[in-house]
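Subject: Structure handover

Hello,

My notes follow below it.

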Amino acid sequence: MNYSYSLLHDMATDSGKSFARRDRLLEIEAKARTWWEESDVFKAEAGEKPPEQGEKFFGNFPFPYMNGYLHLGHAFSLSKLEFAAAYHRLRGANVLLPFGFHCTGMPIKASADKLAREIKMFGEPPVFDKEVEEEEEQPAAEDTSGAPPDKFKGKKSKAAAKSGGQVFQWEIMRSFGLSDSEISEFQNPEQWLKFFPPLAKEDLKAFGLGCDWRRSFVTTEINPFFDSFVKWQMRKLKAMGKIIKDVRYTIYSPLDDQPCADHDRATGEGVQPQDYTLIKMEVLPPFSSKLKPLADKNKKLFLVAATLRPETMYGQTNAWVLPDGKYGAYEINDTDVFILTERAALNLAYQNFSKIPKKTSCLLELTGSDLIGLPLKSPLSFNEVIYALPMLTILTDKGTGIVTSVPSDAPDDYMALHDLKAKPALRAKFGVKDEWVLPFDIVPIINIPEFGDKSAEKVCLDLKIKSQNEKDKLAEAKRLTYLRGFTEGTMLVGEHAGKKVQEAKPLLRSMFIETGQAIMYSEPEKRVMSRSGDECVVALTDQWYITYGEEEWRKLAEECLSNMNLYSDETRHGFEHTLSWLNQWACSRSFGLGTRIPWDPQFLVESLSDSTIYMAYYTVAHLLHEGDMYGKTTGPIEPGQMTDEVWEFIFCDGPHPKSSDIPSSILNKMKQEFEYWYPFDLRVSGKDLIQNHLTFCIYNHTAIMSKQHWPRGFRCNGHIMLNSEKMSKSTGNFRTLKQAIEEFSADATRFSLADAGDGVDDANFVFDTANTGILRLTKEISWMEEVLAAESSLRTGPASTYADRVFENEINIAVKMTEQNYANYMFREALKTGFYDLQAARDEYRFSCGAGGMNRDLVWRFMDVQTRLITPICPHYAEYVWRELLKKDGLAVKAGWPAAGTPDLTLKSANKYLQDSIVLMRKLLQKQILGSKKANKKGAPVATLTEDKLKGLVYVNEQFEGWKAECLKILQSKFDSKSRTFAPDGEIMEAFQKSSVGQATNFKQTQKLCMPFLRFKKDEAITIGPHALDLKLPFGEIDVLQENLDLIKRQLGLEEVEILSAADPDAVAKAGSLASLLSQNPPSPGNPTAIFLSR
């Protein structure tokens, strides 16, 4: 098999672009990995004593499913854990980062079976029809791993077109780079387990993952140790009463003939069954000629409508059908025939409403037109007979395709009935007789505050809706009334008149079902497709369930959640919402791979139920199977020795298993490993797993483990886009992890992943950022090599100059800020403060030093600090610099967090002031030069100014005075520095009017100047804090500028510059005729004014 990709070679050939920099990083990465492997640096050993706070870090990641290669989506979520673990390792913590491989469930088995079917249909190797496209490219596979992304054009073969556009599994396997002879082996599901996990491990090693690979494992019964662990967990939950057998509605795959949980779905993850009441509207004889075949004195014929609001049936005026909709008459039992859509009939067949279980029994195919005008007797309706009428907006993929009409409360019904009454041509078009429509008036049944007893009529009039075709307005009308009708409405009619709708609804629903006037019905909330390719239904199944949602258990889960660090409010709200609705979960399957339910081995444990506490298994896995992920290589322990008593002793503080023949020393070692590492500190995952896996994890830990072992933190992220577009295999906007590493190198890939974003919104992996990473890392290596080669030319001695002090301070700030960013898992910010900002400070320092040169010790400190700060994100680069350039002992990944002094924020402010002032001076210089040239052109007697003939006078006013000082004092008194808010404007103006400025005779003239100043300073204080209101800066402006006179001269290109006080008349006199510029642009604290004169 050829697993190496030709993508990069093709790109290099096509573009002629040099990949020398990238190739150098790849060479460096290979070296670094060798050094790590030689030293076993990521091997994690438990300490003898329980760890103190912060002494250990155990982080983990939901094991990926092994039916293909790892891609950048995996890498993005994983990078959050990897960066966090690397930071904790760097600062000296004992770090455990393990990694497992998930193979449980149906996707692998389904794919293997697809291959077998394709061989049976098309031969071996299969010969599919030729493509109809001109280019003979392969079709758009479901997974484009291993093929150049730009080669995928999304074409279908004829065979694929005949199969509804589904790509053949054989073609998907070819896109992996497999030969036909190798693909054939994948008919055996076990081949997938043998093939993909080792490749994933190699890709992750190339990525630089700091993993203790001794603890890796694959799931399913192929690993007998993990199989034993899952069986113990299931038996324990059952013994606690948390696994029961029950009959419940479940999303179900007819093709697989088993429930279809989230991870078994191609689309529709998170979709739940939606329960309806199915109202039976009896078709009254005599039957039309079309329905004559259904005339049977022993059977009744019903139009059935699915409703969420059975309490509104009092107000029925008619039923709605879709004129061109496809319906059928389906035999439900010995006495009832239902008219509805085939889709709804199939759902009912899986809910025990069909003559033949799980199969529909269609007696007659019909269209909606065949049903128009049918006389109906409907439960509770005040109209003894109602009729089926046409409605053009019915959706046949929801409900039964038959809709009850309650125009008093449903805006859609009101407008559709209104249209039929008002438009004779519309009635004629569908053959609707007047007597089926015109006699039927609105029946008030519910009173809603503000909307009265005909809410639909009122809201349609209020919104000026003219037709049933105004979909957006009708949606708004429904939004305004539907929920309020349920939550605030009061029944006006029937036996429950006077009761709230919320009370009446369940009572009426029960009455309907008990009296046989309705049945319960359920269907998926939205369309769900299984990984086997069929549309799922809702089935009523008798199977094993975990009792999530049980009140006492949920309270424990909520307690656990309240003590966890979730890093964002949105994540916490997601968990709280999930805990509010999550109910019993089907944990058994009959198809796929996994562990057998120990007490009912016809079933397997489904894929989201064997992955809830496996993080605990990592703590002992290396002692059980010594680095063999399949558990075949055993050490001193055999799988059969891992009894429930042994697992209980290790994980639940159970009694010492006296019946066990495992040596006590090994038992105690396993228990010690668990006690040391648990609880885990961080689990990183995509936010889509909040609604199932992560919440299951909380539930199972609270049931099985003591509080001290409950999870400490989850960090959830969004999906990742590539270059601002959705990552898609079919469009080619896709990269496997291996492709990304080969295209950009591991560290440049990690660099771009860190920059992609840290929130729960979708992030963006930008190829240009990865290429920037390649350039910046290699250029930094070259700079360090040059500096070290010319080290003797660097200035020696203590850091003494202003530039030295500023640079040393910037290094201290970078250390502190980056530490804070890593600790908060804000890796994009860590990249900014620890790499980008620090390099910018270095570049500024190089320029500021001028002829004196950089200080040797500071340069060495910069190289040391920057290397450590970037280590968690770009560890290979850092390791190379540490060892090869800086000649340091040990490994960079364990170098320790750099020490740093307390940042001097005043010095930082002073330097910002200096740099901003230089920018301002440069602008004033250009303005004055341009101004002199324009004046000269007009014939004015002004000499043309050029830089080489100029000297600069920089005027400073270090303190606000007069009315400005008074304004600032007032603002200081009215500012709350904690909340960064001011008192009301009226209060500020009152204080201003009472001040000496407000009492002055020229107040009105001054007020015009004061108001803009007050507004500016208020905004500034809200943005940067109370320092904006100080009368002077926290440093001497003249001192700062005077100390950096040489820098100012070089930056402005002037040989002579003076720093002067604007308060000194003699200094002002030096400006001569240009002194008026000081009046036009007076200096103020933080804003010097520069004037340029001919020398």
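One term before anything else: contact means heavy atoms within 4.5 Å. Helices (H or I, at least four residues) and strands (E, at least two) are DSSP runs, numbered from the N terminus. Buried means under 20% relative accessible area, exposed over 50%, and partly exposed in between, with a 1.4 Å probe and protein chains only.

This is a predicted model, in which local features need pLDDT of at least 70, side-chain atom pairs count only at pLDDT 80 or more, and totals for chains, interfaces and linings use all residues. Residues are numbered from 1 along each chain as its sequence is written, and side-chain values use heavy atoms, with hydrogens and water left out.

Confidence

pLDDT is the predictor's confidence in each residue, from 0 to 100. The protein chain averages 90, and 94% of the residues score at least 70. Two stretches need a flag. Over residues 1-15 pLDDT stays under 50, and the model has 34 contacts for them beyond four places in sequence. Over residues 131-165 pLDDT also stays under 50, with 73 such contacts.

Helix α18

Thr571, Phe575, Thr578 and Leu579 of α18 are buried. They lie on the same side of α18, because they cover an arc of only 100° around the axis. The arc is that of the directions from the helix axis to the C-beta atoms. Asp569, His577 and Ser580 are exposed on the other side. The cover over the buried residues of α18 includes α17 (551-562), α22 (690-704) and β24 (714-717).

Helix α20

In α20 (residues 644-651), Val646, Trp647, Phe649, Ile650 and Phe651 are buried. Their cover includes α9 (224-239), α19 (614-625) and α21 (664-677). Just after α20, Asp653 takes a positive phi of about 55°.

Cores

A nonpolar core is a set of buried Ala, Val, Leu, Ile, Met, Phe, Trp, Tyr and Cys residues joined through side-chain atoms within 4.5 Å. The largest has 124 residues, and Phe99, Trp192, Phe765 and Tyr877 touch the most other members. Helix α3 (residues 72-90) supplies the largest share of this core, 10 residues. A second, separate core has 72 residues, including Trp544, Trp553, Leu624 and Val646.

Leaving aside neighbours within four places in sequence, the contacts of Phe765 include Leu72, Ile720, Phe744 and Ala770.

Leu831

Leu831 is found in helix α27 (residues 827-849). Leu831 is buried, with a relative accessible area of 0%. Not counting residues up to four places away in sequence, Leu831 touches Phe751, Ala754, Asp755, Tyr836, Ile870 and Ile873. Leu831 and Pro872 are 41 residues apart in sequence, and 9.8 Å apart in space, C-alpha to C-alpha.

Two strands pair if DSSP finds at least two bridges between them. Strand β28 (residues 950-956) has seven of its seven residues buried, so it is largely enclosed by the rest of the structure. Leu950, Gly952, Val954 and Val956 point one way from β28, while Lys951, Leu953 and Tyr955 point the other way.

Strand β32 (residues 1089-1094) runs antiparallel to β28, joined by six bridges. Lys951 stands opposite Leu1093 in β32, and Leu953 opposite Ile1091. β32 is mostly covered, with five of its six residues buried. Strand β31 (residues 1057-1061) pairs with β28 in the parallel sense over five bridges. Here Val954 stands opposite Ile1059.

A three-stranded sheet

Three strands form an open sheet in the order β26-β25-β27, with mixed pairing. β26 (725-726) and β27 (763-765) stand at the edges with a single partner strand each, so one side of each is left without a neighbour in the sheet. Two bridges join β25 (residues 720-722) to β26, and the two run antiparallel. Leu722 stands opposite Glu725 in β26.

Best wishes
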